[in-house]
Amino acid sequence: MSTTEKSGADLEMALARKERDWQSMIRITHDFFHAWRKSVKDRHGEAAAKEMELAFWENVGVGTGEMYLKRGGRPEDLEQIAFTMQRASDVMGETAHMRKDGKDVLVVHTACPWMDSFRAAGLPNQCGEGCDRWFQVAAKTISPKVRVATESQLPRGGDTCTRRFTLIG
């Protein structure tokens, strides 16, 4: 075997390493987020930290929506929009799926590492408002005709975090 060829076992080991690295990167980004939030809180108080946290998720939502459109996403295709949001959730280490409900589409999260990182940062069950902001702003950025309503949240004691995507008009 040449030095450029790899066996199946070598490829499996490399893939497992990349997966471990990605899981570590998810935890690192959560740590960065919470360190940033704590810095705002320590300097300006809890109210300012909460305000800046929501502004952060709003900016992320705008970026998500703009990226969707830039990559050719259709602004009134609820299934495509919901799939994109579900896929973004998967990449962030969350466990989510989508489901049709009549003309609406649901994105359903059954597990999420943000709950653990907020708890570890001393902010148990406070992640939902930021996620709501991200979903709503991303949808609004994609199309003013798309609405997202939160039907349940894990941090509020629900079995899932469920968001309903609806096309208005």
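Reader: Let's start with the largest pocket. How do the residues of its lining divide into nonpolar, polar and charged?

Author: The lining of the largest pocket has 10 nonpolar residues, two polar and no charged. Keep in mind that this is a predicted model.

Reader: Which residues line the largest pocket?

Author: They are Trp-22, Met-25, Ile-26, Thr-29, His-30, Phe-33, Phe-56, Trp-57, Val-60, Val-91, Met-92 and Trp-114.

Reader: Which element gives the largest share of that lining?

Author: Helix α1 does, with six residues. Both α1 and α2 supply at least two residues each.

Reader: How much space lies in there?

Author: About 290 Å³.

Reader: How is empty space like that found?

Author: A probe the size of a water molecule is rolled over the atoms, and that shows where empty space is left.

Reader: OK, next one. How much space lies in the second largest pocket?

Author: About 230 Å³.

Reader: What lines the second largest pocket?

Author: Gly-63, Thr-64, Met-67, Tyr-68, Arg-71, Gly-72, Gly-73, Gln-80, Thr-84 and Ala-88. By class, that lining has three nonpolar, six polar and one charged residues.

Reader: Which element gives the most here?

Author: Helix α2, with four residues. Helices α2 and α3 each supply at least two residues of this lining.

Reader: Let me zoom out. How many helices and strands does the chain have?

Author: Five helices and four strands. Starting at the N terminus, the elements run α-α-α-β-β-α-α-β-β.

Reader: And what box do the C-alpha atoms fill?

Author: Roughly 60 × 45 × 30 Å, taken along the principal axes. The chain has 169 residues, and buried ones make up 36% of them.

Reader: What about contacts between residues at least 6 apart in sequence?

Author: Of those contacts, 52% join residues at least 24 apart.

Reader: Now the strands. In what order do they sit in the sheet?

Author: The order is β1-β2-β4-β3. It is an open sheet, and the pairing is antiparallel. The edge strands are β1 (95-101) and β3 (146-152), and each pairs on one side only. From one strand to the next, the twist averages 20°.

Reader: What packs on the sheet?

Author: Helix α3, residues 78-91. This helix touches β1, β2, β3 and β4 (161-167). The direction of α3 makes about 165° with that of β1.

Reader: Back to β1 and β2. Over how many bridges do they pair?

Author: Seven, in the antiparallel sense. Strand β2 covers residues 104-111. One of its residues, Val-105, is the bridge partner of Lys-100.

Reader: What sits in the hairpin of β1 and β2?

Author: Two residues lie between the strands. Gly-102 takes a positive phi there, near 65°.

Reader: Where else is phi positive?

Author: Gly-122 has a positive phi near 80°, and this glycine follows α4. Asn-125 has one too, near 60°, and Asn-125 is a residue other than glycine.

Reader: Why point that out?

Author: Because most residues other than glycine have a negative phi.

Reader: Where does Asn-125 lie?

Author: In the loop between α4 and α5 (128-142). Asn-125 has 45% relative accessibility, so it counts as partly exposed.

Reader: You mentioned α4. Which of its residues are buried?

Author: Trp-114, Met-115, Ser-117 and Phe-118. The helix runs over residues 113-120. What covers those buried residues includes α1 (8-44) and α2 (46-70).

Reader: Last topic, Arg-164. Where is it found?

Author: In strand β4.

Reader: Is Arg-164 buried or exposed?

Author: Buried. Its relative accessibility is 17%, and the cut-off for buried is under 20%, so Arg-164 counts as buried.

Reader: What is Arg-164 in contact with?

Author: Leaving aside neighbours within four places in sequence, Arg-164 contacts Asp-101, Asp-104, Val-105, Leu-106, Arg-147, Val-148, Ala-149 and Glu-151. Val-105 is the residue that partners Lys-100.

Reader: And how are Arg-164 and Arg-71 separated?

Author: Their C-alpha atoms are separated by 23 Å. Along the chain, the two are 93 residues apart. Arg-71 is one of the residues that line the second largest pocket.

How values were computed: Residues are numbered from 1 along each chain as its sequence is written. This is a predicted model: local features need pLDDT of at least 70, side-chain atom pairs count only at pLDDT 80 or more; totals for chains, interfaces and linings use all residues. Side-chain values use heavy atoms; hydrogens and water are left out. Two strands pair if DSSP finds at least two bridges between them. Axes are lines fitted to C-alpha atoms, for helices over the stretch in contact, and angles run from 0 to 180 degrees between N-to-C directions. Contact means heavy atoms within 4.5 Å. Buried means under 20% relative accessible area, exposed over 50%, partly exposed in between (1.4 Å probe, protein chains only). On a 1 Å grid over the protein atoms alone, a cavity is a set of points where a 1.4 Å probe fits but cannot get out, and a pocket is an open set with protein on both sides within 12 Å along at least five of seven lines; lining residues have an atom within 4 Å of a point. Grid points are joined across faces, edges and corners, and a volume is the space filled by probe spheres set on the points. Ala, Val, Leu, Ile, Met, Phe, Trp, Tyr, Cys and Pro count as nonpolar, Asp, Glu, Lys and Arg as charged, and the others, Gly among them, as polar.
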